[in-house]
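Morning, everyone. One interface today, and I'll keep it quick. Have a look at the model first.

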2 protein chains.
Amino acid sequence: MKDFPGTPGTVLGLILRLSQFIFAAGSIAFMVSSSSFFNFTAFCYLIAAMGLQAIWSFVLALMDAYAVVRRKVLHNPVLVCLYLVGDWATSTLSLAAACSSAGITVLFFNDLRHCYFGEECRNYQLSVVCAFLSWIPISISSLIMLWLLAAG
Amino acid sequence: MKDFPGTPGTVLGLILRLSQFIFAAGSIAFMVSSSSFFNFTAFCYLIAAMGLQAIWSFVLALMDAYAVVRRKVLHNPVLVCLYLVGDWATSTLSLAAACSSAGITVLFFNDLRHCYFGEECRNYQLSVVCAFLSWIPISISSLIMLWLLAAG
């Protein structure tokens, strides 16, 4: 196994996990604060995908924090394989959820020229932006895991 | 470099490229055959992403076919690196396009209870299904390329 920044148990790995968690939680918060999100399947799916993402990233952030403090190396092949499957699943689900919600917000703001849900429209947009910002670090993490497993 | 089915220049690699091309071309054909797709940004984006996917997969299918016939091995590190970047870019764009269009079709069929575009609604659905079917082999190809580069 190669030891480079971003792998489990490193400071950059911890920063990636924390940023995934913060943006996923932000996406859920913005969406839940609008009262009509449950009328749209894509927005409900966004909340479910971001919820899964937030739980996954939070658990892995705790493990990374423990490894950083205790100076342990988390490069067990079974653990990396588990990380890889989880990262790939959550990464794909997050991108799918962000894009399907973005499709609907673009429909409202661009194609229909106007969003008819007042104040809530801004929440939809901010939630989608947070979902994309959460997807960037999770995709970096999943690439690092695949690299780590293949080069191990 | 490891030599296993699905890598460039193998029969499975050629089948993956051909399936990517066929489904991407099918997705474009179904979408273009509806007359109102240009009113939706997501559907226009789907055509652009599937167009890029079809061109990329077709060129690589020709290279794979040449390598299979001439029994050449296309495992040059620079070539694999180029394949990897192209595969990842087209894979991400394809998934994003398929999901944003799926978000809108689900909005019509599920959330609004009815699609108001008559015969064209079926074309939208078939186009999105083809886009997802095109994404599956391209994601397999991109995983194989990353594995090949990391294990090389």
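What rotation superposes chain B on chain A, and with how much shift along its axis? The rotation is 180°, with 0.0 Å of shift and an RMSD of 0.0 Å, fitted by least squares on the C-alpha atoms of residues with pLDDT of at least 70 in both copies. That is the relation of a two-fold axis. In chain B, the residue that comes closest to the axis is B:S100, its C-alpha at 2.0 Å.

Ground rules. This is a predicted model: local features need pLDDT of at least 70, side-chain atom pairs need 80 or more, and totals for chains, interfaces and linings use all residues. Residues count from 1 along each chain as its sequence is written, chains are lettered from A and ligands numbered from 1 in the order written, and side-chain values use heavy atoms, without hydrogens or water.

Now the contact (heavy atoms within 4.5 Å). Chain B puts in 22 residues, and chain A puts in 22 residues. Of the interface residues of chain B, 100% are also interface residues in chain A, so the copies meet through the same surface.

The buried area is about 1,900 Å²; that is accessible area lost on putting the two parts together, 1.4 Å probe, summed over both. Carbon and sulfur atoms give 80% of that buried area.
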